[in-house]
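Look over the sequence and the structure, then read on.

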Amino acid sequence: MSKSCDSWSTVSLVSLAGASLSVLCPPTVEAAQYMSVEQAEKAAFPEADRFDARVLRLTPEQLRSLDAVASVRQRGEVRQIDAWAGNKLLGTLYVDDVLGKVEWVTYAVAVGAEGAVRSLEILEYRETHGYEVRTPSWRKQFAGRRLETPFHFGEDIKNISGATLSCSHLTAGVQRLLALHAQLAKSR
Amino acid sequence: MSTCTLRRIRPWLGTYVHIDVTAPNAHCAETALQAAFSEIATIHQAMSFHAPGSEVSHLNREAHLHPVVVSAHTLAVLVASRRFAQQSGGIFDPTIAPTLVQHGLLPCPVAADADGRASWEDIEISTDGQVRFLRPLWIDLGGIAKGYAVDCAIDALQHAGAQNACVNAGGDLRHFSRQGERHPLAIRHPADASLSVPLGHIANQAVASSGNFLLGRRGHQTGASPIVHPHHGVAQSRPRSVTVIANTCCEADALTKIVSLLGQDASPLLARLSASAAIIEAPDTLQASPGFWSALGHDSAEGPPRHA
């Protein structure tokens, strides 16, 4: 051990929480919207003059067939928005939600008329939604210390540093949407 | 003066990359965002261990057979990796991928089997930018490339005329402000990812964290950690996290691995790089290196004022 080790200081996280009014953030987290659906439509298909939107309610059979492609918690309702320039179909924007371990993501995948992905944008990102309480005894220490106001991700605290959250469930969601797109293209 | 603030998030580098940017107008903000994401995409594609078409995969397949030419980005990360390996006495080692593959943390690459004796010292970089491995080995730049990508994104945002920006690649983040504005910083609790602990503010600094939580495993029952000791190969499995504050995100990213393994013995290297660190262990302890609290804008070396 080098001498400089002596000057490391130790504090308890509970005392840090007590010091600050923003305290430890409760697990109810509000959504941070990054893009609206309209913005995503325009960004993906700037040359479009018309968008036709509908909601696809996936049947249990469809969901099962998509599970075979990639397994991820998906809502079962996908917004499908066709982009038109005059009578020419430019492509389709799919808006969907996937649930990860600690975050819930609304995303938009734009597929061109030729079938290639044009863009992938995250529209909304919520952390810790539906997240289980991992260590109840530890959390009990903070009972009564938490602020009741919900934590606005990216607003109250803009920078959260922590171990990396994997985006693999989003990748799975995109794979499912592309499989769905292929199924729908056949039936069109 | 009116300004435009935009926020975007896209999946890159195996995680979610958040970018907040403030620029003089909407066009400038949009151009800056596109430039930053384009840099990140380029770096992701070059340095992915998973993608067979990446430069890293090319190196792992062929660099032990003949010298391989790589892009300036990959070269810069390799040079930085070697420097951190040297400075940490081999504690930081970009050639530990076989252990990560063995633990199922990385997929097995299509490449010759790595030589068990290989280390970072077997990576030879010539002055004209060619890379050669003296033994068959697998490099994985995952311990540093994310931080490097964040730095490049910040450079791109600055170059495109941004006034303020923050790039956060799944916890490896860097903040930039022409006016020196401060930005709040919080970290996740190592035992409970749904809780974040506010620590203070940063301004024109980088922060990175490493921990073995939030990888789909539960608190004390965590399995293998991606942090591997190159000499012992033993992965730590305590719910512990390390947060490093440094001038660049590349440094912060690499230093988290070094501090995770060396603990307070990393002090001389932290001091040499003008960086500071905190080690957080469940259930409730935060050990801060000298300079950690002042880097977060606190006057006291003991951190923010608090209740008993």
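## Two loop residues

This is a predicted model. Begin at Ser274(B). Ser274(B) is placed in the loop of chain B that runs between helix H7 (267-272) and strand E12 (276-281). Its phi is positive, about 50 degrees, although Ser274(B) is not a glycine. Is Ser274(B) buried or exposed? Ser274(B) counts as exposed, because its relative accessibility is 54% and the cut-off for exposed is over 50%.

Asn204(B) also has a positive phi, near 55 degrees, and is a residue other than glycine. Asn204(B) lies in another chain B loop, the one between strand E9 (192-202) and strand E10 (206-211). With a relative accessible area of 37%, Asn204(B) is partly exposed.

## A three-stranded sheet

Chain B holds an open sheet of three strands. What is the order of the strands? The order is E3-E5-E4, and the pairing is antiparallel. Strand E3 (68-69) and strand E4 (123-125) are the edge strands, since each pairs on one side only.

Helix H3 (residues 72-87) of chain B packs on this sheet. Helix H3 touches E4 and E5 of chain B. The direction of the helix makes about 125 degrees with that of E4(B).

Now look at how E3(B) is joined to strand E5 (residues 130-133) of chain B. Two bridges link them, and the strands run antiparallel. Val69(B) has Gln130(B) in E5(B) as its bridge partner.

## Aromatic pairs

How many aromatic pairs are there over all chains? The count comes to two. One of them joins Phe292(B) and Trp293(B). Their ring centres are 5.1 Å apart, and the planes make 75 degrees. The pair is edge-to-face because that angle is 75 degrees and the cut-off is over 60.

Are Phe292(B) and Trp293(B) buried or exposed? Phe292(B) counts as buried, at 0% relative accessibility. Trp293(B) is buried as well, with a relative accessible area of 2%.

## Charges over rings

Two arginines of chain B are placed over rings. Which ring does Arg7(B) lie over? Arg7(B) lies over the face of Tyr34(A), at 4.9 Å from the ring centre. This contact involves chain A and chain B.

Arg83(B) has its charged end over the ring of Phe84(B). The distance to the centre of that ring is 5.4 Å.

Technical notes:
Residues are numbered from 1 along each chain as its sequence is written. Chains are lettered from A and ligands numbered from 1 in the order in which they are written. This is a predicted model: local features need pLDDT of at least 70, side-chain atom pairs count only at pLDDT 80 or more; totals for chains, interfaces and linings use all residues. Side-chain values use heavy atoms; hydrogens and water are left out. Rings of Phe, Tyr and Trp (its six-membered ring) pair if their centres lie within 6.5 Å; planes under 30 degrees apart count as stacked, over 60 as edge-to-face and the rest as tilted. Buried means under 20% relative accessible area, exposed over 50%, partly exposed in between (1.4 Å probe, protein chains only). A charge sits over a ring if NZ of Lys or CZ of Arg is within 6 Å of the ring centre and within 35 degrees of the ring normal. Helices (H or I, at least four residues) and strands (E, at least two) are DSSP runs, numbered from the N terminus. Two strands pair if DSSP finds at least two bridges between them. Contact means heavy atoms within 4.5 Å. Axes are lines fitted to C-alpha atoms, for helices over the stretch in contact, and angles run from 0 to 180 degrees between N-to-C directions.
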